[in-house]
Amino acid sequence: MTGIDYNERIPNNVGLSGNKSLQRALEHWQPGYLKWWGEMGPDKSQAMDVYLRTAVSVEPKGWAHYDYVRMPDYRWGIFLAPAEAERKVNFGAHKGDPAWQDVPGEYRSTLRRIIVTQGDTEPASVEQQRHLGLTCPSLYDLRNLFQVNVEEGRHLWAMVYLLHAYFGRDGREEAEALLERRSGDADNPRILTAFNEKTPDWLSFFMFTFITDRDGKYQLAALAESAFDPLSRTCRFMLTEEAHHLFVGETGIARIIQRTCDVMNQHKTDDPARLRGLGVIDLPTLQKYLNFHFSVTSDLYGSEISSNAASFYTQGLKGRFDETHLGDDHRLEAAEYEVPDVAEDRIIVRHVPALTALNERLRDDWIADVQKAIDRWNRIPDKAGVPFRFKLPHKGFNRRIGLFNGLHVDPAGEVVSEAEWTHRHGGWLPTEEDRAFVHSLMGRVTEPGKFANWIAPPLNGINKQPVNFEYVRFS
Ligand SMILES: [Fe+2]
Ligand SMILES: [Fe+2]
């Protein structure tokens, strides 16, 4: 069952037409989804034809078909990666059992909570990004924004399918609630803090897709290891879509760095004020945005020590990144892991049972991945002969969740006093003035092949099309 049927009202490869009550339930949810998209999806995109990819198969290679799509007509559907024959539970107390095709009663509410929490991030990011199309730096970027948005909408479908198919009435109620919460709403906010922050400009958007979508990658990878096979299969397909979101973020920032370095060399200056006057974003400001997004996203992994994380693992609900390729007992009964701790205002390292430190471990895996991408960014100033290098702040910097909450840690990892934090944080995090400056650059560029002054063109177009291709048509 890997072919996708586009003749159905809800495209799918899960044999939906063979399960009439599930099909009816999802067809009942569909109009509510479309209404949500109309209200909270990309602003003023209704009449645009966008060069988008759509899934035509779930095989790892060649699943995408590219064509112009009128935005509200995008065919959101339910796509699971192919079943792995005789897949087993690969970790925890049930290791070696056959993977579950249904939800064990004792894990029902925990699993539902995990799926709802993941599902809630998907529409949240669409809501956070909904006004960005009005200030796109090019048609190429506008197309990429919309590609990310429609796929986050599809990720919501993926989680809603699981809720409807496996969690009965509770699942259907949760699916409704996913359409009712709103990012940043004081009365009915999205579940996780980072998904209630604003994404007010394209620099924030690129940082978000670079860093926060990468959290998505690590969460999905951990859920792809789940003993609950339908969750594993849906996450595996979502990961193939996520890769493009990370690409959009990483190359978006790389192009900003490139443009700034070019202007620095052209005008022989590294003076931020002068560079701002020339209409580009100075590198220290980019570093501050990086510090902000890195710290806010770090919080998404939760507390360093977590008994919940331990039970999710032991119960087989959520694995580690790359679980099946790790060479240990996959039960972690005796293993230890290093976590930070604070003793007398100094950050130290403590060994704790690995089982309780799984949040920290996933965060560390993510940090290592972010660091690799930062190294790739740093080749740009290196090549341009600019001495500036980007550096990740210490993981205790600007944290609100876990051990560092309530402490002030500077980017270098020193605990500082309240007074020092107050005095210096404007040098570490974007100030109102920085944000106002970035905001002032946001215009709207819609001529094919033209780019805003603050960002370099990409090296290549999408799907081997030229960079000056008409990625979006306005009618
Ligand atoms: Fe997503
Ligand atoms: Fe994403």
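Visitor: How many of the 28 residues of α3 are buried?

Guide: This is a predicted model, in which local features need pLDDT of at least 70 and side-chain atom pairs count only at pLDDT 80 or more, while totals for chains, interfaces and linings use all residues. Residues are numbered from 1 along each chain as its sequence is written, chains are lettered from A and ligands numbered from 1 in the order in which they are written, and side-chain values use heavy atoms, with hydrogens and water left out. Helices are DSSP runs (H or I, at least four residues; strands are E, at least two), numbered from the N terminus, and buried means under 20% relative accessible area, exposed over 50% and partly exposed in between, with a 1.4 Å probe and protein chains only. Helix α3 is largely enclosed by the rest of the structure, because the number of its 28 residues that are buried is 27.

Visitor: How far apart are the end C-alpha atoms of α3?

Guide: The expected span of a helix is 1.5 Å times one less than its number of residues. For the 28 residues of α3 that rule gives 40 Å, which agrees with the separation of the end C-alpha atoms, 41 Å.

Visitor: Which residue has a side-chain oxygen that reaches the backbone nitrogen of Tyr-140 at the start of α3?

Guide: The backbone nitrogen of Tyr-140 has a side-chain oxygen within 3.3 Å. At the other end, α3 is followed by Gly-168, with a positive phi near 55°. The residue that supplies the oxygen at the start of α3 is Ser-138.

Visitor: Which residues are the protein donors of the iron ion (ligand 1)?

Guide: Donors are N, O and S atoms within 2.8 Å of the metal (3.2 Å for Na, K and Ca); water is not among the atoms, so sites may look incomplete. The spacing of the donor residues in sequence is E-x29-E-x2-H, and they lie 2.0 to 2.2 Å from the iron ion (ligand 1). They are Glu-122 (OE), Glu-152 (OE) and His-155 (ND1).

Visitor: Where do Glu-122 and Glu-152 lie?

Guide: Glu-122 counts as buried because its relative accessibility is 3%, and Glu-152 is likewise buried, with a relative accessible area of 3%. The pair links distant parts of the chain, 30 residues apart: Glu-122 is in helix α2 (residues 108–128) and Glu-152 is in helix α3 (residues 139–166).

Visitor: Which residue bridges the iron ion (ligand 2) and the iron ion (ligand 1)?

Guide: The iron ion (ligand 2) is coordinated at 1.8 to 2.2 Å by Glu-152 (OE), Asp-213 (OD), Glu-242 (OE) and His-245 (ND1). The two iron ions lie 3.6 Å apart, and the residue that bridges them is Glu-152.

Visitor: Why is the arrangement of the four donor atoms around the iron ion (ligand 2) irregular?

Guide: Four donors count as tetrahedral if all angles lie between 85 and 135 degrees; four count as square planar and six as octahedral if opposite donors are over 155 degrees apart and all others between 65 and 115, and anything else is irregular. The arrangement around the iron ion (ligand 2) is irregular because its four donor atoms subtend angles of 88 to 173°.

Visitor: Are Asp-213 and His-245 buried or exposed?

Guide: Along the chain, the donors of the iron ion (ligand 2) follow the spacing E-x60-D-x28-E-x2-H. Asp-213 in helix α5 (residues 202–224) and His-245 in helix α6 (residues 229–267) link distant parts of the chain, 32 residues apart. Asp-213 and His-245 are both buried.

Visitor: With which side chain does the side chain of His-408 make a polar contact?

Guide: His-408 is in the loop between α10 (358–384) and α11 (418–424). A polar contact is a pair of N or O atoms within 3.5 Å; within protein, one must be able to donate a hydrogen and the other to accept it, and residues adjacent in sequence count only if both atoms are side-chain atoms. At 3.3 Å, the partner of the His-408 side chain is that of Glu-418.

Visitor: Which side chain meets that of Asp-369 in a salt bridge?

Guide: A salt bridge is a side-chain nitrogen of Lys or Arg within 4 Å of a carboxyl oxygen of Asp or Glu, and the structure holds 36 of them. Asp-369 counts as buried at 10% relative accessibility. Its partner, at 3.1 Å (N to O), is Lys-217.
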